Amino acid sequence: MRSQDATLERLRVDRQLEEALTHGPDPLHLAEVFGLDEKTAMRYADSARALLEQAAEHSASPSGRELGPD
């Protein structure tokens with residue numbers, strides 16, 4: 001972790017994205033919780049939505065069944 005400095009800006013961005021992933025990609029929620037303007041809240045929501053979709057695609061096998069223990 002030494003190669004990636006933990007700056008206040010990086011921690012803030014990480015916290016906002018984590019909120020979007022945890023509570024859903026809702027820009028109104030993000031704007032209210034963090035005091036973001038609507039464009040910034042939309043960017044975080046769009047990023048979270050893309051990450052959630054990507055995770056869903058990777059959790060499904062080619063047959064459409066979810067991977068994991070039976």
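Predicted model: local features only at pLDDT ≥ 70, side-chain atom pairs only at ≥ 80, totals over all residues.
**Exercise 1. Find which residues Glu19 is in contact with, leaving aside neighbours within four places in sequence.**

Step 1. List the partners. They are Gly24, His29, Leu30, Val33 and Phe34.

Step 2. Look for a polar contact. The Glu19 side chain makes one with the side chain of His29, at 2.7 Å.

Step 3. Check the distance. A polar contact needs N or O atoms within 3.5 Å. The Glu19–His29 pair is listed at 2.7 Å.

**Exercise 2. Describe what lies at the two ends of helix 2.**

Step 1. Start at the N-terminal end. Helix 2 covers residues 27-34, and Asp26 caps it there.

Step 2. A side-chain oxygen of Asp26 lies 3.1 Å from the backbone nitrogen of Leu28.

Step 3. Go just past the helix. Gly35 takes a positive phi of about 70°.

**Exercise 3. Summarise the protein chain as a whole.**

Step 1. Count the elements. The chain has 3 helices and 0 strands. Along the sequence, the pattern reads α-α-α.

Step 2. State the burial. Of 70 residues, 17% count as buried.

Step 3. Describe the surface. The accessible area is about 5,700 Å², and 54% of it belongs to carbon and sulfur atoms.

Step 4. Turn to contacts between residues at least 6 apart in sequence. Of these, 33% join residues at least 24 apart.

Note on methods:
Residues numbered from 1 in each chain as written. Heavy atoms only, no water. Polar contact = N/O pair within 3.5 Å; in protein donor to acceptor, adjacent residues only side chain to side chain. Contact = heavy atoms within 4.5 Å. Helix = DSSP H or I, 4+ residues; strand = E, 2+ residues; numbered from the N terminus. Buried < 20%, exposed > 50% of the residue type's maximum accessible area, 1.4 Å probe, protein only. Areas by Shrake-Rupley, 256 points an atom, 1.4 Å probe, with all protein chains shown as cover.
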